[in-house]
Amino acid sequence: MPQGGDGDDSRTRARQGRELQRWDSSGVRLCSGCVPLVNGWVVLITSQKDATQWGLPKGGWEQDEPYAATGAARESFEEAGVRGVMGAGLEYEGEYTAKSKAHRIRIQWFVLYVTDLLPEWPESAKRKRRLFTLDEAISLVKKEEHRLALQEVKRRRLDRPRMPGVKGK
């Protein structure tokens with residue numbers, strides 16, 4: 001599974017534009033996002049347009065990314081400045097109408113267990129980043145698709161990675 005934020009020029013700048021976006025056969029834009037977790041705390045970021053609105057990193061899953069999780073890891077690096085180990089894919093798959101009402105958007109969500117919280121990242125000048133408890137994050141996010149992803153993390157108890165027991169001597 002992909003590691004969060006690895007890639008060629010993604011270390012210095014965020015991708016822009018929609019030329020590489022994936023769409024399904026019915027015209028739904030395919031996106032992916034992460035619930036980034038640091039020792040049980042959730043990393044939330046502010047919206048570029050409204051610094052008072054907190055949310056999760058998400059964005060378009062692009063054609064040169066083999067898996068939706070690859071796009072989720074890239075978006076988490078670009079928007080939140082986090083890298084880590086990709087965990088479970090969430091059962092909840094959000095679908096909603098874009099603000100422009102021009103098309104529908106479907107988001108695949110993943111848990112990202114953060115190993116690196118970078119001091120600077122591509123969108124650090126545009127966004128704030130903060131750690132919240134899972135309950136705080138659930139109450140703070142305004143977008144339903146973000147809240148439902150966080151609620152699933154809580155319900156499935158994915159906020160802490162579970163390591164298999166070690167057998168032997």
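Buried means under 20% relative accessible area, exposed over 50%, and partly exposed in between (1.4 Å probe, protein chains only). This is a predicted model, in which local features need pLDDT of at least 70, side-chain atom pairs count only at pLDDT 80 or more, and totals for chains, interfaces and linings use all residues. Residues are numbered from 1 along each chain as its sequence is written, and side-chain values use heavy atoms, leaving out hydrogens and water.

**Exercise 1.** State whether R74 and E65 are buried or exposed, and describe their pairing.

Solution. Step one: a salt bridge is a side-chain nitrogen of Lys or Arg within 4 Å of a carboxyl oxygen of Asp or Glu. Step two: R74 and E65 form one, with the closest N and O atoms 2.4 Å apart. Step three: R74 and E65 are both buried.

**Exercise 2.** Find which parts of the chain are linked by D24 and R106.

Solution. Step one: D24 and R106 form a salt bridge, the closest N and O atoms being 3.0 Å apart. Step two: D24 sits in the loop between β1 (22–23) and β2 (29–38), while R106 belongs to strand β7 (residues 104–117). Strands here are DSSP runs of E, at least two residues, numbered from the N terminus. Step three: the two residues are 82 residues apart, so the pair links distant parts of the chain.

Note on methods
Helices (H or I, at least four residues) and strands (E, at least two) are DSSP runs, numbered from the N terminus.
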